[in-house]
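Biologist: Please take a close look at the aromatic rings in this model. Walk me through how they pair up and what sits around them.

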Amino acid sequence: MTNLAHLFDHAFQPLADAVVTKRIPGGMLGIVDRNGERIAKAIGSAQLVPKQRPMTVETWFDLASLTKVIFTTPRILALAESGVIDLDAPLISVLPDLRQYDAGAWERTVTFRQCLGHQTAFPAVEPIYTYGRDPDLLRAFILQREWRARDPVYSDINFILLGFALERLSGKTIRDLEPGPGFAWSTESDAAAATEDCTWRHRVLCGEVHDDNCSALQGAGHAGLFGTADSVLDFAQGLLDGDGVSEHSIALMRTSVSATRTHGWERPYEGWSGGALCSPGTIGHTGFTGTGLWIDFDKGKAWTLLTNRIHPTRHFDSGIVQLRQAVGDLINID
């Protein structure tokens with residue numbers, strides 16, 4: 001048994017325990033190293049209601065906020081590297097209509113780098129979907145709203161605006177942009193892990209985006225990407241071996257912009273999702289639906305934990321925070 005396989009067997013146990021104790025319906029763990037050795041295993045159910053389906057290694061997941069790091073961040077960094085945008089320029093260099101009726105609005109000073117690192121004054125969350133379901137009108141609303149400034153927090157608004165910039169520069173909506181190899185903006189319901197029994201869409205969501213704002217916007221830069229364990233691990237391996245994105249972009253993904261953030265990603269700090277045993281050269285990110293990806297460049301390995309922890313409802317303590325940390329610690333035991 002290889003060392004990777006040995007680590008995997010131990011790290012899989014907390015996921016198995018969470019399924020057996022019915023904290024989550026199902027999930028899968030995958031790990032890959034810089035040389036391409038890969039292990040993935042599924043357990044539990046992809047769906048419980050209104051019917052039951054088993055989880056498999058081919059199950060598609062709503063990746064939620066992993067969209068930020070797998071889709072949006074690499075594209076913004078590539079545009080910066082090619083000189084199309086300047087990371088330290090304000091968003092109005094691409095979105096001149098942002099708060100266009102108030103030349104002195106603080107929103108007009110926000111830069112691409114600040115959005116990537118969540119160093120802006122936007123709110124953590126905003127129920128944009130409650131203002132209507134016309135995607136063009138909602139885009140105008142987001143751009144023209146007078147947002148109340150507050151201390152910087154992790155905010156979907158940052159990446160919604162970065163998504164608007166991608167749309168403006170490409171002349172296409174997010175859903176008309178190529179999602180990347182092995183990824184999609186939706187999938188067949190019977191192929192996907194179910195998420196929530198949605199109170200305003202009045203159905204159990206399978207294969208369509210869970211995030212309310214992304215649904216109403218019909219595609220956004222902060223959520224909406226679907227993928228399998230293999231597609232997520234392919235992406236991670238591309239960062240580990242340098243074949244996925246440029247060396248310059250990888251360097252920025254690893255460069256701190258705050259005590260807890262890099263360009264797009266999180267970095268290790270006390271209590272973070274990757275556990276206490278990650279090397280300092282680790283970056284990671286989580287998704288609300290129960291997903292996560294962590295890449296340890298120093299140790300040359302990456303792992304993804306994909307679950308449907310909000311099925312059939314988010315209003316339940318699934319223990320996902322502790323599960324992620326336990327898995328990360330067991331993967332990183334030397």
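Modeller: A residue counts as buried when its relative accessible area is under 20%, and as exposed when that area is over 50%; in between, the residue is partly exposed. Keep in mind that this model is predicted.

Start with W200. Its relative accessibility is 15%, so W200 is buried. The ring of W200 pairs with the ring of Y129. Their centres lie 5.1 Å apart and their planes meet at 25 degrees, so this pair is stacked. Y129 sits in the loop between α3 and α4 (135-144), while W200 sits in the loop between β6 and β7 (203-204), so the pair ties together parts 71 residues apart in sequence. Y129 has 24% relative accessibility, so Y129 is partly exposed.

The structure has 8 aromatic pairs. Another of them joins F71 and W185. Here the ring centres are 5.0 Å apart and the planes stand at 80 degrees, so the pair is edge-to-face. F71 belongs to helix α2, and W185 to the loop between β5 (183-184) and β6 (197-198); 114 residues separate them. F71 and W185 are both buried.

Rings also form a group. W106, F122 and W147 make up one aromatic cluster. R99 lies in the loop between α2 (66-81) and α3 (112-116). At 9% relative accessibility, R99 is buried.

Elsewhere, R309 lies over the face of F288, 4.6 Å from the ring centre.

Technical notes. Residues are numbered from 1 along each chain as its sequence is written. This is a predicted model: local features need pLDDT of at least 70, side-chain atom pairs count only at pLDDT 80 or more; totals for chains, interfaces and linings use all residues. Side-chain values use heavy atoms; hydrogens and water are left out. Helices (H or I, at least four residues) and strands (E, at least two) are DSSP runs, numbered from the N terminus. Buried means under 20% relative accessible area, exposed over 50%, partly exposed in between (1.4 Å probe, protein chains only). Rings of Phe, Tyr and Trp (its six-membered ring) pair if their centres lie within 6.5 Å; planes under 30 degrees apart count as stacked, over 60 as edge-to-face and the rest as tilted. A charge sits over a ring if NZ of Lys or CZ of Arg is within 6 Å of the ring centre and within 35 degrees of the ring normal.
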